[in-house]
Amino acid sequence: MPEVMTLIGGRSSKQGTSLCAGKLGAEYVDLTTTVEMNVEDMARLGLANNSRVRLRTPGGETVVRCKSRETKDLPPGVLFMAYGPASSELMASDTAASGMPISKNLEVEVEPVREDASPSGGVAG
Amino acid sequence: MSENTRVVENATCTFCGCVCDDMVLTVDLEHKRITKAENACVLGKAWFREHGVEARPAALIGGREATVEDAIEEAAQILATARFPIIYGLSDTTCEAQRVAVSIGDMIGGTVDTTTSVCHGPSGIAFQGVGESTASLGEIKNRADMVVFWGGNPAEAHPRLFTRYAVTAKGLYTPNGRKDRTVVLVDVRRTASTPVADIFIQVKPRTDFEVLWALRALVRGRKVDPSIERRTGVSLAVLEDLVARMKSCRYGALLFGMGLTMNRGRHFNSGALLALATDLNEFAHWVAKPVRGHGNVTGADNVVSWQTGFPFGVNFSRGFPRFNPGEFTTVDTLSRGDADAALIIASDPASNFPKAAIEHLRHIPVITLDPKVTHTSQLARVAFTTATYGINVTGTVYRMDDVPITLRPAFDSPYPSDQEILTGIRDRVRALLGGNRLPPAVSLPGASA
Amino acid sequence: MGSSLRIINGRVYDPANGVDGAVRDICIRDGRIAADAPPDAKTIDARGMVVMPGGVDIHCHIAGPKVNLARKVQPEDHRRDVHPRTRFTRSGTGGTVPSTFATGYRYAALGYTAAMEAAVTPLGARHTLEELHDTPVIDKGFYVLVGNSVLLYRLLQEGRREEFRHALAWWLNATKAYAPKLVNPGGDELWKGQGHGNITRLDDKIGPFDLTPSTVIGAFIEAANELGLPHPVHIHCNNLGHSGNADTTLETMRIADGRRAHIAHIQFHSYGSVAGKSHDNPTSRARDIAEYINTHPNISADVGAVMFGRATIMTADAPAVYMLRQFGGAKWVNADTEHESGCGIIPFTYQDRVYTNALQWAIGLELFLLSDDPWRMVFSTDHPNGGSFTSYPRLIRLLMDREYRKEQMAVVNQKALEHSGLRDCQDREYSLYEIAIVTRAGPARLLGLASKGHLGVGADADVTIYEEDADKEKMFAAPRYVLKDGVVIIEDHEFRADHEGRVYHVAPDYDAGIEQVIEPFFDDYYTIQFRNYAVDDRYVPHGEVVPTMQQAAAAGAARP
């Protein structure tokens, strides 16, 4: 059973600087396909830095790599990922008549992916 | 210094909404690049470093190199024949270009929307409902003795907001800068911004509205149940302490980010924060300000507002501007599959919109104007390479606090500006349509007499 | 612009040239009024019509940062009043704060060809000029807010009067403004810095400055007169809207002491006071104010009449708006500009049954009816503060038609009428000649715009032709023809052409050394670089510098 966590999309310095170089550059692609996860959550799920995880919402799914954060920085159950094509995959298009899709605090199912499995629907290779 | 080097003082960085205008740029004219950007933050340094001139065709039609003239003709044909054309983006270009873009929307009876709709659009909606007490950033620098950041990470997204304007900045009544201020940060997680705060308040995700509403109640002297802590993760004691500080400061500022607008509650969150600032004015001078992202997104809001009366999500199909977020905002229009052509200026929706919206973009003729190759330019029918604003072209840019600044370009680009391309498209569309397209006669509100 | 035109058979009202309803031809060549026109010139037969110069609005709020905030905050106001595009004119939205294009076209549709935006922060000058560029047909300009400038206060309190004058001239140049504007002088520092305080007396100390509003007002009047500006200091007095404020207004006018000064929207500053239940209620002191202006030719004023219905209060006088908030409903905008200004905005509705609103309406009419010199007590509603400019035709009818006025007086709050003097002056009716003075010739003269507000040879060919009608509201609401710079913009009530008007600004001389005084203050306290502050010529593609007296004299002397 995949666990349900809260994904926060956002900006980061590196995302900003690599954006200037171009969204098709390797650094930007790398940054926007890495999800930050609480260190305890990762241990429980048997994940190490750079392990692949599948994130799934009713809107779509993506496979990204994960990176650990201490509990004081990122509470258990909360994920952070810089905006990019991967986070787009997870966003629903409904805006509740506001124009704004929900792109922070998405409820996502998190599931480890075996290294030899081929990517499904995602953008991370 | 070689004769192929020039220094541009008082240049402006347009990466983020801080629009810092104190850059000192060293320009290598021979290689057309900026080798040094004094005073720039880490984001600004990358902005200046990475915007050299790349050898790319000035225009592509269907992925093939084309002349700018042919591309303008193709773009004009697309826009003049479309039944539901949309114009989107505009936050990373000059006001001069924005004004032309809106005039095209009016001429063809299309929709004009900006990246505001997926940024602080909800704050714009909240503003329409409750108003706002606000200030230019200099008032915060010179007067604010209490600053509250809510739902944002300026250290990474707006680095100089802290140093130039709001935290360490020294001013008339804040001669000691940081020492003269109480700094509070409210967020769902610790970020690079957290260490700047005297008080960090960590709220549970999706409970910003509850925390803001509880603060409003406390400011007005109402009782708040201690169970607020279970719901939001913030104890009543912390809230009471915050309110006491807010009521007793001299000049307070609430600066809020997309942690409020992109989240459950959207415009209700922004509205609650704006209302809190208004309420606090019974006790002390308080202002609030959305921290805006792209360099000239605030200019886009201003231009679209003065030309139409509404800040974003404006449709001209009935012959006059109509505003309806959820209907004329781009995520909605595209996701519904409504638009039959799109003119995208200085924006990359194909990289950050929900996938249903991106999918529709693949099925309609898209025209892009961008200095860089983007996901959107790659799927475009017509893609223009344009000069970069602030680096190659002059024009006007509005800082996040509505202060307009004139850009000082560093070196020439071989590519035309957004304004030039848009003006070319507009003139050609006008010729094709014989002036502004008029909608079929309908009865108009307010024109009953 | 090149075409020629002859307007024949119309009754001409051209007060600047003493023409009072005589039937005569008006000829146009190259955008200007001419002595004659070639025989093949197009002819407009104005039989049964009234010919006047285009209207000139001396005080309104139509462009810039605060106007755009007021626009943004009222989507509901736009939705009920849309402005569709035509083949060649842009669309927009109306309400009390129309979009820029709608503003230009709607002024033109009323026969107005010039309007001055009355309150712009120096930091907002660039924004204002961008909006004015998108405001079609009419000529325009703006007054720049300098009356709460921290740097100018510093120079004043140190007694550096010369440098103060140079700095003021520098600021007028840097912003491309038309005139200096004072709003509630001294009030901002207390509002922003001292817990929403305000100035109540002209001899109050201004917060941390060793200054009083009296000193500040006197210094600006003196400097503007010394600079020889075409329009003097434009003053929004202290205590706007407060019961008993007529004393402050009289005191302000006395400070001028024979030197020129213009008092803005004086209706809002003509209140007496009578004890009420919880606080003092306002009464009318229009008679005292009118009497003072009648006998002091150095003073001019625009009325700032109140019209019933929807309005938007928007002013640099933030404390006044904060006070009004208690009557104004839900939306409140406040906007502070560093070292320069405050600002407050609320949507507002004036109701004829409400004592204060009816009193304000009555005082506006009283001021018109008690004025002996229409050249110096000119027409305004302080658009949109007292009501939209689209209510001008009704205001004209109220002045010209005493029976209509009496009908209206019968339905308003009667207690308010008792506390006004309107019944004592209700028999006067304005003539078309006087209307032409208060709506065009007078404002143009007060602005020092020699080519505006009249139909003499050499004047700009801005001409409005109305069909005569007993119902003056109807007559003035929809001119048959409107010409701008000789171009027929409106013919048979329909738009025929688009046009871009001028931006008037001043460029008084100053000692360039003053920049050494100003720049360090910017380095320390502003958030914009000093070198990025001044607005360049690209923002006034149709700019026209109106000379100061000294510049005009020098140009005259240089001419052979």
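Modeller: Before we start, one term: two residues count as being in contact when their C-beta atoms, placed from the backbone, lie within 7 Å. Also keep in mind that this is a predicted model.

Biologist: Got it. In chain A, what share of the contacts with a separation of 6 or more is between residues 24 or more positions apart?

Modeller: Take the contacts of chain A whose partners are separated by 6 or more positions. Keep those that join residues 24 or more positions apart, and you are left with 76%.

Biologist: And what radius of gyration does chain A have?

Modeller: Chain A has 125 residues, and a compact globule of that length would come out near 14 Å. The box around its C-alpha atoms, along the principal axes, is roughly 35 × 35 × 35 Å. The radius of chain A agrees with the globule rule, because it is 14 Å.

Biologist: Which element gives the most to the side of chain A that touches chain B?

Modeller: That contact involves 39 residues of chain A and 45 of chain B. On the chain A side, the elements giving two or more residues are β1 (3-10), α1 (13-21), β5 (78-82) and α4 (85-90). With 5 residues, the top contributor is α1(A).

Biologist: How many nonpolar residues does that side of chain A have?

Modeller: Sort the side of chain A that touches chain B by class. You find 17 polar and 6 charged residues, and the nonpolar count is 16.

Biologist: Which chains share the most contacts?

Modeller: Chains A and C are out, since no contact joins them and their closest C-alpha atoms lie 15 Å apart. There are 2 pairs of chains in contact, and the one sharing the most contacts is chains B and C.

Biologist: Which element gives the most to the side of chain B that touches chain C?

Modeller: Here 57 residues of chain B meet 52 residues of chain C. Elements giving two or more residues on the chain B side include α3 (95-108), β8 (131-135) and α13 (297-308). The one giving the most, with 6 residues, is α5(B).

Notes. Residues are numbered from 1 along each chain as its sequence is written. Chains are lettered from A and ligands numbered from 1 in the order in which they are written. This is a predicted model: local features need pLDDT of at least 70, side-chain atom pairs count only at pLDDT 80 or more; totals for chains, interfaces and linings use all residues. Helices (H or I, at least four residues) and strands (E, at least two) are DSSP runs, numbered from the N terminus. Ala, Val, Leu, Ile, Met, Phe, Trp, Tyr, Cys and Pro count as nonpolar, Asp, Glu, Lys and Arg as charged, and the others, Gly among them, as polar. The radius of gyration is taken over C-alpha atoms; the globule rule is 2.2 Å times the number of residues to the power 0.38.
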